Each structure stands twice: as C-alpha cells, then as structure tokens.
Amino acid sequence: MTVQLDGLEHAGRRLFDEAPCYISIQDREFRVIDANRAVLEGFGDAISKNCYAVFKGRRERCTECPVAHTFEDGREHCIEEVIFDSRGLPHEVIVRTRPLRDASGAVTAVMQLFIDITVQKELEHRLHESLNRFHSLFDISPCFVSVQNRDLRVVEANTQFKETFGNPAGRHCYEIYKRHKDRCPECPVLESFADGKAHTRESVWVDRSGKEVLVVVQTAPIRDSLGNVVDVMKVSTDITEVRVLQDQLASLGKLVGGIAHSVKNVLEGLRGGVYIVNLGFRDNNQEDIRTGWAMVERNVARISSMVMDMLYCAKDRSPRRLPVSLPSVLREVVELFRPRATECGIRLETEVAEGDCVVPGEPKDIHSLVSNLITNAIDACCSEQDGKKPHRVLARLRRDGDWAVLEVEDNGAGMDEEAHGKLFTTFYSTKGAYGTGLGLLVSHKVATEHGGTISARSAPGEGATFTVKLPIQTGETK
C-alpha cells in the first residue's frame with residue numbers, strides 16, 4: 001500500500017529523500033508505508049514493518065505514541081525519545097508528527113519527522129557536568145568566595161561564606177562583612193569593574209558572631225561573550241591565624257632579645273660579684289667576700305627565676321587544688337618586697353577585708369602571681385623620671401560573693417592605649433629592652449589555670465590597677 005501525496009512526486013520526492021533527518025510515514029496499523037533515504041540507510045528496510053519494531057526494536061506499540069495521538073485527534077505532536085539504528089546505537093531525537101489527509105479530510109496516514117539531537121544532548125550533558133564541577137569547586141573552596149554585581153550586591157556565595165557571614169540574599173557586600181552603611185573608600189571590586197583587571201587587598205571583616213577576621217581579598221572580572229565585565233568574583237582567604245603566628249614569632253624575637261639582654265646583665269653582675277669575692281680572698285677581706293657573694297647569690301636567683309618563668313609558660317599542666325590563704329600570701333609577699341620598695345622611696349601598703357579568703361590552687365603559683373603584680377607595680381613607680389612625686393603601691397584584698405578579688409594599684413608611669421592593648425600577650429613588656437614580659441604572662445597563665453581572670457586599667461601618668469579574681473574554695477561558709 002502506498003499513499004499518493006502532493007509534493008512527493010518528481011522534485012518533491014528528491015527533497016523528501018535528501019532531507020537531513022529521518023522521515024517516515026505510518027498507516028493506522030503503525031506500518032511504515034514510506035521512508036526517506038536516511039531512514040533506509042540508518043535503520044534498514046523499514047517498508048511494511050511496524051514503526052516501533054523499526055525504531056525501537058519492540059514487539060508491541062509504544063505506550064506514549066505521538067503517531068497514535070495524531071490519528072486520534074488529527075493534530076501535530078512533539079516529544080523527545082531515544083531510537084536505535086540497525087547497529088543498535090541509540091539516537092536522541094525530537095519526534096514531530098503531522099497528519100496526512102485524503103480528499104475528504106480524513107487522516108489516512110501520519111508523517112513522522114525525527115530530528116537527531118544526540119550531539120546537542122551530549123554537549124548539554126558535558127556542559128551540565130562542567131557546571132556541576134564548577135559549582136562543586138566553588139562551593140567546597142576553603143576560602144570565602146562571592147560574586148558581586150555593579151551595585152556591589154552579592155549575587156552568589158559559597159558555603160564557607162554563608163556559614164561565616166550568613167546568607168547574603170542580595171545584600172551589599174559592605175553591609176554583610178563590614179557592618180557599614182556606605183561602600184568602602186578603596187573597593188577592589190569596583191576597581192575590577194573599572195579596568196577589567198585583578199586586584200588584591202588586605203582587609204578586616206566581621207563575621208556573624210561579631211568576631212574580626214583578617215583576610216586577603218583577590219578580585220577577578222567575569223566577562224560575557226562580548227568581553228564586557230558583567231560581574232566580579234571575590235576570593236578572600238582567612239589569614240587571621242597566620243597573622244597571630246607572625247605576631248607570636250615577632251614576640252619570640254623580642255623575647256630572645258630581652259632574655260639575652262637580661263642574661264647579659266646577670267652575667268655582668270655575676271662577673272662583678274666574682275671579682276669582689278676574689279679581691280676579698282686576695283686581701284683576706286671578709287667584708288668584700290660577703291659583699292661579692294651576695295651579688296653572686298642575687299644574680300643567680302635572678303637567672304633562676306627567669307628560667308623557671310620560661311619553663312612555666314612553655315608547659316601545659318593542671319595545678320593542684322590545695323587550700324591557699326590569699327591574705328597570708330599577700331602579707332608574705334608584701335614583707336618580702338618592702339625593703340626594695342623602701343629603698344626606692346615607695347610606700348607599700350595593704351588593705352585586707354575582714355574574714356579569710358581561701359582559694360583552691362597550687363601555693364607556689366599563687367605566690368608567684370601576687371609577687372609578679374607587686375614587682376610590676378614597684379617597677380612602674382621606679383621608672384618615673386620625676387623624683388619629687390611621692391609613689392605608693394596599694395594591694396587590696398576583698399571578697400565578692402564566691403570570688404576573691406585582689407587589686408594591686410600604683411601611681412607610677414601608667415600605660416598608653418597601645419601598651420594596654422598588648423598586656424598579657426606573649427612576651428610583651430612595658431619595660432623596653434629591660435623586660436621580657438614573662439611576669440605578666442605568668443600572672444595571666446596562673447589566673448586562668450586556677451579558673452580566674454586578670455585585667456588592668458591604666459592611663460599615661462595616672463598609674464595602673466591590676467585586678468585578679470579567683471574562685472573561693474568550694475564549701476567555705478560565707
């Protein structure tokens with residue numbers, strides 16, 4: 001059976017055969033009654049065979065058949081499906097059907113046009129894989145990655161960015177991680193929009209918890225097919241820990257210099273003491289021997305204390321929890337340093353509230369904490385250039401609920417804001433080359449290891465007050 005169709009005679013038949021797609025015509029029994037050359041070459045002799053056998057290798061008609069739909073409603077239909085050629089190779093195609101009518105308008109056959117989109121589908125699949133790979137790399141990057149438009153709104157951000165600074169949701173970048181209402185004066189994103197080049201900056205951001213994050217920001221332009229910059233990608237690396245490490249290394253260098261200077265002074269003292277002792281032995285002068293030996297003992301004690309402080313700072317440990325009477329320790333330390341304070345013209349006083357303050361801890365560590373604070377206060381007064389000013393160091397001890405509060409106040413040189421901000425940081429000293437910073441570092445370590453806190457308030461020329469709070473012994477009656 002054949003169907004005579006206008007346009008399929010003579011030149012029309014040639015166009016039908018040479019069309020760069022698969023064309024077949026089916027009757028109501030789904031038999032192929034005509035097909036172009038592409039079908040015959042790709043799928044074999046299809047004439048008089050069922051279309052589902054030719055194109056699908058099936059024994060029964062397809063569940064979703066556009067040919068059947070066209071026979072039913074007389075309309076054109078279009079679907080995507082996979083057909084298999086004579087070699088069994090799959091072809092992804094767009095299938096379009098069109099009714100063929102007789103003179104009375106009845107649908108007598110259906111033309112089926114297959115447009116092979118296998119190559120396009122493969123390209124789409126590769127593009128999809130590339131996009132997925134890009135988004136995976138974008139999302140799992142250990143940096144803060146965002147894309148911003150010309151209004152400086154974040155249009156896309158990776159997981160690291162969202163977890164640290166919250167969901168940007170189209171907000172301005174300076175609102176998200178700078179907490180500013182206006183854009184930054186020097187904006188690398190705007191610079192990339194302006195010149196189409198990459199730019200680098202260091203900046204301080206604020207995360208969702210309010211903590212500062214130091215970052216290195218790198219921007220790169222994103223261009224469209226015409227080369228125009230449409231967005232800018234910003235990749236920011238958290239270097240907070242690196243900066244902390246750099247500061248620690250710098251502090252370590254200062255420590256080495258400070259210790260070397262201190263050791264040099266101690267060695268000079270030892271050398272002087274040994275020299276005087278030798279003079280005493282030579283001249284059989286007992287006074288010189290006593291004086292020189294006292295110098296040796298004093299300098300040995302200094303270097304021993306320095307080494308012990310270094311070992312204490314370097315070692316992590318849990319102190320013992322023995323009952324320590326703070327009033328007793330304070331009085332002992334004050335009496336120990338009173339001669340030195342008197343020698344420097346400093347009044348060393350105490351104010352101890354009624355009742356006993358017993359804290360759980362390591363006795364020698366608590367003693368070291370109090371000693372360092374008293375020594376620091378005396379040194380602050382001794383460093384004053386104005387000898388006419390009467391100096392005073394006052395150590396106050398009181399109880400505040402379940403806490404013992406020790407305050408050591410002096411009216412010495414005081415500290416500026418920069419020096420105050422560096423207190424209790426590793427190896428920082430206000431005594432210049434003559435200090436290592438170990439004393440305050442030890443004090444901070446003792447206080448925190450015993451569950452307490454230490455703080456300071458000061459101003460230049462107005463002295464300083466150091467406050468230590470330690471928990472009272474559990475079970476003690478208030």
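**A buried glutamine and an enclosed cavity**

Gln148 is buried: its relative accessible area is 0%. Buried here means under 20%, so a value of 0% puts Gln148 in that class. The model is predicted, and the values below are computed from it.

Where does Gln148 sit? Look for strand β6, which covers residues 144-148. Gln148 belongs to this strand. Its side chain has a polar partner there. The side chains of Gln148 and Ser146 are joined by a polar contact of 3.2 Å.

Now look further along the chain. Set aside the neighbours of Gln148 within four places in sequence. Which residues is Gln148 then in contact with? Arg153, Val154 and Val155 are among them.

A search of the whole structure finds 1 cavity of 30 Å³ or more. The volume of the largest cavity is about 100 Å³. It is lined by 13 residues, and those closest to its centre are Cys51, Lys56, Cys62, Glu81 and Gln112.

Which helices and strands supply this lining with at least two residues each? They are α3 (51-56), α4 (66-73), β3 (77-84) and β5 (107-116). The largest share belongs to α3, with 4 residues.

What classes of residue make up the lining of the largest cavity? It has 9 nonpolar residues, 3 charged residues and 1 polar residue.

Methods:
Residues are numbered from 1 along each chain as its sequence is written. This is a predicted model: local features need pLDDT of at least 70, side-chain atom pairs count only at pLDDT 80 or more; totals for chains, interfaces and linings use all residues. Side-chain values use heavy atoms; hydrogens and water are left out. Buried means under 20% relative accessible area, exposed over 50%, partly exposed in between (1.4 Å probe, protein chains only). A polar contact is a pair of N or O atoms within 3.5 Å; within protein, one must be able to donate a hydrogen and the other to accept it, and residues adjacent in sequence count only if both atoms are side-chain atoms. Contact means heavy atoms within 4.5 Å. On a 1 Å grid over the protein atoms alone, a cavity is a set of points where a 1.4 Å probe fits but cannot get out, and a pocket is an open set with protein on both sides within 12 Å along at least five of seven lines; lining residues have an atom within 4 Å of a point. Grid points are joined across faces, edges and corners, and a volume is the space filled by probe spheres set on the points. Ala, Val, Leu, Ile, Met, Phe, Trp, Tyr, Cys and Pro count as nonpolar, Asp, Glu, Lys and Arg as charged, and the others, Gly among them, as polar.
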